[in-house]
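Please look through the following structure from its confidence values to its individual loops. The paragraphs below take these topics in turn.

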Amino acid sequence: MTRGPDDIRDIGSHPHVDRSPGAVNRAPTRAAALALLVRALCLVLFVISACRDIELPEGEYGHTSDDQRPLYVLSGSIWASPVIPVCWENPGADSTERGWVADAVRRTWEANSGVTFTGWGPCPTSGAGIRIRIEDSGPHTKGLGNQLSGMAAGMVLNFTYQNWSTVCQSQREFCTRAIAVHEFGHALGFAHEQNRPDTPSWCDQEQGSDGDVTIGAWDLDSVMNYCNPNWNGNGNLSSTDIIGVRSLYGSPQRAALDGRGAYLGKAFFFRGGEYVRYDWATNDVDPGYPASLGLWNLPGAFLDGIDAALNGSGSYDGKAYFFRGNGYVRYDWASGNVDPGYPASLSAWNLPGDFANGIDDAINGQGDFAGKAYFFRGGEYVRYDWASGNVDPYYPQPISLWGGLERLW
Ligand SMILES: [Zn+2]
């Protein structure tokens, strides 16, 4: 029996395939497996744009059944790589102000998604990335997302407010930070939320370029919404802004791991496809870093970044675990290689609910909590017992149980 592309089309045209145990119809099974594989690849590889093309309706403003993700997106303007160069066209004696901008962006879009803005130096004559002009006029971008790449004065920011928005003169840091978060939202491909066709009539502030895809419900609290009762969201992303940017650029891929074996006394900090090695004695990053994550001999998609890292405990001493999406690998400190049989499914950790789809961070317990590992996802965490190989009863619990931690996370 040959199986051509028709096998895949069939699953769409005949959705009611007999699924009784006696049914012998291998083609749909194969097609379903393919569909599952594509979905798994989407998750594992974070081929966000490709997956979006499959899942989101094109053209006429469409809504998906997923009601969680806001933002008004110009789908063709999403940057192919989440590592986006930024430079200043006319930096002067304003390093403090430029620092506010970089810091505000770091604490919002970067801290909450896979996006990294790199560079931040004076602009070369030409080159890809976002070119920022400092000017006392209305801050704006000359397009959305990657339309700005290499464009002269693609983003204009104001540091002095002598001519525009003079009320900001008495609160320059607040204004500069809040505006930066909004303008960098445009630079990521997000139009004004109030331009969406489903904007309620009382919010009559339409301005600038439109997106072509709305995702999720209209969001009054979006930093991209002029009708937000807080001006530019006070420079804070709404919870649904965060879900939206993650859906397009992935989750933050940062992790830290204490060295073991020959690397006792070192700590490793990962971000995207790079890492640095830190020395506890010198309190400095060792020379030669950042280096490529490829030096860890991780497989495939793990080389683009990891969600979390954790040292093994108990009978798993000497191992380290790297997590990405719904998969993980086990690394052996002594051999410097990933053990055979990996990557494996995160389901092996017996994590509950959404935790099985991916975790944000992981850490081992100490003191009374030695022998436990903690996995974090969104606003929740679970406590895992190394000896039993299971999550302890009564988890997940809210991160608020970690005292003031929730204010930072
Ligand atoms: Zn705007």
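Over the protein chain the mean pLDDT is 82, with 82% of the residues at 70 or more. Where pLDDT is low, the predicted coordinates should not be read in detail.

As for the overall make-up, the protein chain contains seven helices and 23 strands. It has 409 residues, of which 34% count as buried. Among contacts in the protein chain with a separation of 6 or more, 54% are between residues 24 or more positions apart.

Two examples of strand pairing follow. Strands of a sheet pair through backbone hydrogen bonds, either parallel or antiparallel.

Turning to the helices, the axes of helix 4 (residues 95-110) and helix 5 (residues 172-187) come within 8 Å and cross at roughly 50 degrees. Helix 4 and helix 5 are therefore oblique to each other, and the crossing is right-handed. On the helix 4 side, the contact is made by E97, W100, V101, A104, V105, T108 and W109. Helix 5 contributes E173, T176, R177, A180, V181 and F184 to the contact.

Helix 6 (residues 239-249) has nine of its 11 residues buried, so the rest of the structure largely encloses it. Which residues of helix 6 are buried? They are T240, D241, I242, I243, G244, V245, S247, L248 and Y249. G250 follows helix 6 and has a positive phi, near 85 degrees.

Both Y249 and G250 come up again in the surroundings of P82, whose contacts, apart from neighbours within four places in sequence, are G114, V115, T116, Y249 and G250. P82 itself is in the loop between strand 1 and strand 2 (83-88). Is P82 buried or exposed? It has 23 C-beta neighbours inside 10 Å, and the cut-off for a buried residue is 20 or more, so P82 counts as buried. P82 and S113 are 31 residues apart along the chain, and their C-alpha atoms are separated by 9.0 Å.

Two other prolines follow cis peptide bonds. The bond joining Y289 and P290 is cis, with omega about 5 degrees, and P290 is in the loop between strand 12 (284-285) and strand 13 (291-292). The bond from Y395 to P396 is also cis, with omega near 5 degrees. P396 is located in the loop between strand 22 (390-391) and strand 23 (397-398).

Positive phi values remain to be described for two loop residues. A153 is not a glycine, yet its phi is positive, near 50 degrees. A153 lies in the loop between strand 5 (140-141) and strand 6 (155-157). With 17 other C-beta atoms within 10 Å, A153 is partly exposed. N234, likewise not a glycine, has a positive phi of about 55 degrees. The loop between strand 8 and helix 6 holds N234, which has 13 other C-beta atoms within 10 Å and is partly exposed.

Technical notes
Residues numbered from 1 in each chain as written. Predicted model: local features only at pLDDT ≥ 70, side-chain atom pairs only at ≥ 80, totals over all residues. pLDDT = per-residue confidence, 0-100. Buried ≥ 20, exposed ≤ 12 C-beta atoms within 10 Å, placed from the backbone. Helix = DSSP H or I, 4+ residues; strand = E, 2+ residues; numbered from the N terminus. Axes fitted to C-alpha atoms, helices over the stretch in contact; angles between N-to-C directions. Parallel < 35°, antiparallel > 145°, perpendicular 65-115°, else oblique. Left-handed = near helix turned anticlockwise from the far one by under 90°. Contact = placed C-beta atoms within 7 Å.
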